[in-house]
Amino acid sequence: MARAATSDAAYAVGYAASAANTDFVTDPYSEAAWHNGHQSELKVQSNLLHDIFGNPFRPVAFSSLWRTATAVTLAAQMYDSRDFSAMPILADALQDAGCDSADVLDHCRGPGPHVRGCWVVGLVLGKE
């Protein structure tokens, strides 16, 4: 988008945002600025897809013995409320149930993002 096609106010807002962010290039309408934003968006989308589908090249064998009342209750609460802050607690519950899958435990204890449809929550609830 050419600068001439935008209003001066929009340009000023974009310039102010770029001045506040040292990782951003000086001209918010430059190709480099678009590229940085595009790469950032791709990373966010990639993380969300990983949370929902896991690693399709390394499927996880999930034992039904790991579906204890505690694990199922935690997973159901997170699924219904869409609040996944209890994921590390779910990891502890799964580990107490005998789960030794590093993929499952690392995902639960990882930084996320975790969203409704998370593959581990789906496995605990028997949705997959």
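This report describes a predicted model of a single protein chain, from its overall make-up to selected residues.

## Overall make-up

The protein chain has 128 residues, of which 27% count as buried. Its secondary structure consists of six helices and zero strands, so that the order of elements from the N terminus reads α-α-α-α-α-α. When contacts between residues at least 6 apart in sequence are considered, 54% of them join residues at least 24 apart.

The average pLDDT of the protein chain is 77, and 73% of the residues score at least 70. Over residues 1-13, however, pLDDT stays under 50. For this stretch the model has nine contacts beyond four places in sequence.

## The nonpolar core

The largest nonpolar core holds 23 residues. The members that touch the most other members are Met87, Leu90, Leu94, Val120, Val121 and Val124. At least two residues of this core come from each of helix 3 (69-81), helix 4 (87-96), helix 5 (102-109) and helix 6 (119-125).

Methionine 87 illustrates how separate parts of the chain meet. Apart from its neighbours within four places in sequence, methionine 87 is in contact with Met78, His107, Cys108, His114, Cys118 and Val121.

In helix 4 the buried residues are Met87, Leu90, Ala91, Ala93 and Leu94. These residues lie on the same side of helix 4, because they cover an arc of only 165° around the axis. The buried residues of helix 4 pack against helix 3, helix 5 and helix 6.

Helix 5 has its own buried residues, namely Val104, Leu105, His107 and Cys108. They too are placed on the same side of their helix, since the arc they cover around the axis is only 160°.

Aspartate 92 is found in helix 4, and with a relative accessibility of 38% it counts as partly exposed. Aspartate 106 is found in helix 5 and is exposed, its relative accessible area being 54%.

## Pairs separated in sequence

| Residue pair | Separation in sequence | C-alpha to C-alpha distance |
|---|---|---|
| Aspartate 106 and alanine 91 | 15 residues | 8.1 Å |
| Aspartate 92 and alanine 71 | 21 residues | 8.9 Å |
| Lysine 127 and glycine 117 | ten residues | 9.2 Å |

Lysine 127 is located in the segment after helix 6. Leaving aside neighbours within four places in sequence, lysine 127 is in contact with Tyr79 and Gly122.

## The aromatic pair

How many aromatic pairs does a search of the whole structure find? The search finds one. The pair is formed by phenylalanine 62 and tryptophan 66, whose ring centres are 5.1 Å apart. Their planes stand at 90°, so the arrangement is edge-to-face. Phenylalanine 62 counts as buried at 15% relative accessibility, and tryptophan 66 counts as buried at 8%.

## Backbone features around helix 4

Most residues other than glycine have a negative phi. Arginine 82 is not a glycine, although its phi is positive, at about 60°. This residue is found in the loop between helix 3 and helix 4. Is arginine 82 buried or exposed? Arginine 82 is exposed, because its relative accessible area is 56% and the cut-off for exposure is over 50%.

A positive phi is also present after helix 4. Glycine 98, which follows helix 4, has a positive phi near 110°.

Technical notes:
Residues numbered from 1 in each chain as written. Predicted model: local features only at pLDDT ≥ 70, side-chain atom pairs only at ≥ 80, totals over all residues. Heavy atoms only, no water. Core = buried A, V, L, I, M, F, W, Y, C linked by side-chain atoms within 4.5 Å. Buried < 20%, exposed > 50% of the residue type's maximum accessible area, 1.4 Å probe, protein only. Helix = DSSP H or I, 4+ residues; strand = E, 2+ residues; numbered from the N terminus. Contact = heavy atoms within 4.5 Å. pLDDT = per-residue confidence, 0-100. Arc of directions from axis to C-beta. Phe/Tyr/Trp six-rings, centres within 6.5 Å; stacked < 30°, edge-to-face > 60°.
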